[in-house]
Amino acid sequence: GLELVDQHGGSRLLAEIANAPALLTTAFGHCETVCPTVVADLLRIRAESSRDAMPIVVITVDPWRDTPARLTGIAKAWGLGPTDLVLSGSVDQVEQALDRLAVARSRNLDNGDVIHVPVVFVLNDGNVEARFDGGWGGVRAMLSRESPAITTPGAVPSSD
């Protein structure tokens, strides 16, 4: 399987991460515009949907600079919680993971920045349940639905 490293130094198989409900996006640490905004949007949507137990997983699109040693600082800068993950690895491993998810990207060799489309995947049961390319209304709708597909284990249904 495809293995990446998280901000705690642990090895993570992409297939294992997809087994439990999770939100997956791509970003990079040097980005000061779109990436931190996407992560902040997902944190807000997760909180509004009362799905605090659902991890947000971020795979870097910049394994050249976002090395495993830098991931803790990136996770902190983005305000990620203890169950959220930032993943990197060798350039080859990360590129394979991004290719497998069909994440289009190109690297600017002058400044090292990576141009990529903001994308969010909803993972569950080892699969990508949904993919959203920009505009997170669909993510919000999916999380706020009482969908059995993405119920958080141990979650108590609200009694509205």
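# Welcome to a sheet-and-helix fold

In strand E9, asparagine 127 is the bridge partner of asparagine 124. This is a predicted model, where local features need pLDDT of at least 70 and side-chain atom pairs count only at pLDDT 80 or more, while totals for chains, interfaces and linings use all residues. Residues are numbered from 1 along each chain as its sequence is written, and side-chain values use heavy atoms, leaving out hydrogens and water. Helices (H or I, at least four residues) and strands (E, at least two) are DSSP runs, numbered from the N terminus.

**The whole protein**

- The protein has five helices and nine strands, in the order β-β-α-β-α-β-α-β-α-β-β-β-β-α along the sequence.
- Its radius of gyration, taken over C-alpha atoms, is 15 Å, close to the 15 Å that the globule rule (2.2 Å times the number of residues to the power 0.38) gives for 160 residues, so the protein is as compact as a globular protein of that length.
- Of the 160 residues, 44% count as buried, meaning under 20% relative accessible area with a 1.4 Å probe and protein chains only, whereas exposed means over 50%.

**The sheet**

- Five strands make an open sheet of mixed pairing, in the order E5-E4-E3-E8-E9; two strands pair if DSSP finds at least two bridges between them.
- E5 (85–87) and E9 are the edge strands, each with a single partner strand, so one side of each has no neighbour in the sheet.
- From one strand to the next, the twist averages 25 degrees, using lines fitted to C-alpha atoms (for helices over the stretch in contact) and angles from 0 to 180 degrees between N-to-C directions.
- E3 (residues 22–27) pairs with E4 (residues 56–60) in the parallel sense over five bridges, and alanine 27 has threonine 60 in E4 as its bridge partner.
- Helix H5 (residues 137–144) packs on the sheet and touches E3, E8 and E9; contact means heavy atoms within 4.5 Å.

**The E8–E9 hairpin**

- E8 (residues 119–124) and E9 (residues 127–133) run antiparallel, joined by six bridges.
- Two residues lie between these strands, and aspartate 125 takes a positive phi near 50 degrees.

**Helix H4**

- Val94, Ala97 and Leu98 are buried in H4 (residues 91–100).
- Seen down the helix axis, these buried residues fall within an arc of 95 degrees, so they line one face of H4; the arc is that of the directions from the axis to the C-beta atoms.
- They pack against several elements, among them strand E1 (3–5) and helix H1 (14–17).
- On the other side of H4, Asp92 and Arg100 are exposed.
- Alanine 102, which follows H4, has a positive phi near 55 degrees.
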